[in-house]
Amino acid sequence: MDIYINKTSEIPLYEQIAEQIKQLIIEGNLHGGTPLPSVRALAQSLGISVITTRRAYTELEREGYVITTPAKGTFVAMNYKQKLRDIGIDKMTDMIDDLIYLSLALDINREQLINLVEEYYDYIHLHPNGNAKLHQVLKRKSLPKEIETYILNELDHSH
């Protein structure tokens with residue numbers, strides 16, 4: 001696992017470490033169940049304090065990316081993809097909320113809205129430039145970077 005830190009950066013070292021490990025997980029380079037280096041080993045390899053690496057691991061655990069088992073170590077969480085999917089669904093729920101309020105304001109009833117969504121879903125699903133359009137949507141919709149990376153990575157692996 002290659003982690004690079006910039007000791008002169010304004011970004012705290014623990015954040016640099018946590019962000020890089022998150023990226024490795026999201027991009028599929030670290031899979032569920034994969035052990036991470038021990039806090040001490042990582043600190044030693046980076047030439048930093050054990051406290052700093054422990055804080056990075058604590059952040060990752062708090063965010064659901066890793067789990068720590070006493071006397072066994074720290075491992076990539078098995079359910080991190082579900083966590084990212086749940087965040088994406090929360091964002092979609094916000095968008096759907098806006099869509100429903102707008103449809104009510106435009107006097108579009110439930111059936112009309114469902115038909116409209118179905119038509120667009122079918123069109124977009126079959127559209128030959130779907131991947132290019134998805135990239136545009138991701139840039140426009142202010143999704144958290146983790147979700148954007150996860151979606152694009154899943155898209156790359158599905159083709």
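Predicted model: local features only at pLDDT ≥ 70, side-chain atom pairs only at ≥ 80, totals over all residues.

Reader: OK. Which residue does K22 form a salt bridge with?

Author: K22 pairs with E63, and their closest N and O atoms are 2.7 Å apart. K22 sits in helix α1 while E63 is in the loop between α3 (50-62) and β1 (66-69), so the pair ties together parts that are 41 residues apart in sequence.

Reader: And is K22 buried or exposed?

Author: Buried, with a relative accessible area of 4%. The cut-off for buried is under 20%, so K22 falls in that class, whereas E63 at 21% is partly exposed.

Reader: What does K22 touch, leaving out residues up to four places away in sequence?

Author: L60, E63, Y65 and E146. There's also a polar contact of 2.8 Å between the side chains of K22 and E19.

Reader: Where's K22 within the fold, by residue range?

Author: In helix α1, which covers residues 13-26.

Reader: Switching to R62. Which side chain does R62 meet in a salt bridge at 2.7 Å, N to O?

Author: That's E59. R62 and E59 are 3 residues apart in helix α3, so about one helical turn separates them.

Reader: Is R62 buried or exposed?

Author: R62 is exposed, with a relative accessible area of 59%. R62 also forms a salt bridge with E63, where the closest N and O atoms are 3.7 Å apart.

Reader: Which residues do the salt bridges with shared partners join into one network?

Author: E19, K22, E59, R62 and E63.

Reader: How many salt bridges does a search of the whole structure find?

Author: It finds 4.

Reader: Enough charges. Which residues make the nonpolar surface patch?

Author: M92, I96, I100, Y101 and L104 make it, and the patch is about 530 Å².

Reader: Pick out Y101 for me. Which helix is Y101 in?

Author: Y101 lies in helix α4, residues 80-105.

Reader: And why does Y101 count as exposed?

Author: Because its relative accessible area is 57%, and exposed means over 50%.

Reader: Great. Can you give me a quick recap for my notebook?

Author: Here you go:
- K22 in helix α1 is buried and forms a salt bridge with E63.
- R62 is exposed and forms salt bridges with E59 and with E63.
- Y101 is exposed and is one of the residues in the nonpolar surface patch.

Definitions and conventions. Residues numbered from 1 in each chain as written. Heavy atoms only, no water. Patch = residues over 30% accessible without salt bridge, like charges linked within 9 Å, V, L, I, M, F, W, Y side chains within 5 Å. Areas by Shrake-Rupley, 256 points an atom, 1.4 Å probe, with all protein chains shown as cover. Helix = DSSP H or I, 4+ residues; strand = E, 2+ residues; numbered from the N terminus. Buried < 20%, exposed > 50% of the residue type's maximum accessible area, 1.4 Å probe, protein only. Polar contact = N/O pair within 3.5 Å; in protein donor to acceptor, adjacent residues only side chain to side chain. Contact = heavy atoms within 4.5 Å.
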